[in-house]
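This briefing covers a predicted model. The points below are grouped by topic and are meant to be read alongside the coordinates.

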Amino acid sequence: QGQLVESGGGLVQPGGSLRLSCTASFSIFSIYTMSWYRQAPGKQRELVASITSSGSTNYADSVKGRFTISRDNTKNTVYLQVNSLKPEDTARYYCNGQRFTTVGEYNYWGQGTQVTVSS
């Protein structure tokens, strides 16, 4: 059974930055599409950013130009650099790893890391 562990969240003032990290314990990390989701209180979980095994990235419109997703396959880690933070970015941020095979889907979630943007 694989595992994802997030870190790097915290309390930051508007305009501030954080670097979220997510380290995977499952094998063949490099072929997984890795994503960051977030969920604010009373709201649905939403996709923030994703990065494929080939390095292609995708971002939610609300974070384009402010957030950057990257991965280091040698460390089994995916990162989310979050800049120019706004109060509406406050949420619990979750890491997800996904891959599809001929026999099914592998889908892993972390426990999340809290990001709070407040003055």
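The model, which is predicted, contains one disulfide. That bond is formed by Cys22 and Cys95, with 2.1 Å between the sulfur atoms. Cys22 belongs to strand S3 (residues 18–24) and Cys95 to strand S9 (residues 91–101), so the bond ties together parts that are 73 residues apart in sequence.

**Disulfide**

- The S-S torsion of Cys22 and Cys95 is about -85°, so this disulfide is left-handed.
- Cys22 and Cys95 are both buried.

**Open sheet**

- Four strands make up an open sheet in the order S1-S3-S8-S7, and their pairing is antiparallel.
- Its edge strands are S1 (4–7) and S7 (67–72), each of which pairs on one side only.
- From one strand to the next, the twist averages 15°.

**Strand pairs within the sheet**

- S1 and S3 run antiparallel and are joined by four bridges. In this pair, Val5 of S1 stands opposite Thr23 in S3.
- S3 and strand S8 (residues 77–82) run antiparallel and are joined by six bridges. Leu20 has Leu80 in S8 as its bridge partner.
- S7 and S8 are also antiparallel, with six bridges between them. Asp72 stands opposite Thr77 in S8.
- The hairpin of S7 and S8 has four residues between the strands, and Asn76 in this hairpin takes a positive phi near 50°.

**Faces of the edge strands**

- In a regular strand, side chains alternate between the two faces of the sheet.
- On S1, Leu4 and Glu6 make up the covered face, whereas Val5 and Ser7 make up the uncovered one.

**Aromatic pairs and cluster**

- The structure holds five aromatic pairs. One of them joins Tyr32 and Tyr108: the ring centres are 6.1 Å apart and the planes are at 35°, so this pair is tilted.
- Tyr32 is in the loop between S3 and S4, and Tyr108 is in strand S10 (residues 104–109), so the pair ties together parts that are 76 residues apart in sequence.
- Tyr32 and Tyr108 are both buried.
- One aromatic cluster is formed by Phe26, Phe29, Tyr32 and Tyr108.

**Charges over rings**

- Arg71 lies over the face of Phe29, 4.8 Å from the ring centre.
- The charged end of Arg45 sits over the ring of Tyr94, at 3.8 Å from the ring centre.

**An exposed loop position**

- Lys43 is in the loop between strand S4 (33–39) and strand S5 (46–51).
- Is Lys43 buried or exposed? Its relative accessibility is 60%, and the cut-off for exposed is over 50%, so Lys43 counts as exposed.
- Lys43 and Val5 are 38 residues apart along the chain, and their C-alpha atoms are separated by 23 Å. Val5 is on the uncovered face of S1.

Conventions. Residues numbered from 1 in each chain as written. Predicted model: local features only at pLDDT ≥ 70, side-chain atom pairs only at ≥ 80, totals over all residues. Heavy atoms only, no water. Disulfide = S-S within 2.5 Å. Helix = DSSP H or I, 4+ residues; strand = E, 2+ residues; numbered from the N terminus. Buried < 20%, exposed > 50% of the residue type's maximum accessible area, 1.4 Å probe, protein only. Phe/Tyr/Trp six-rings, centres within 6.5 Å; stacked < 30°, edge-to-face > 60°. Lys NZ or Arg CZ within 6 Å of the ring centre and 35° of its normal. Pairing = 2+ DSSP bridges. Axes fitted to C-alpha atoms, helices over the stretch in contact; angles between N-to-C directions.
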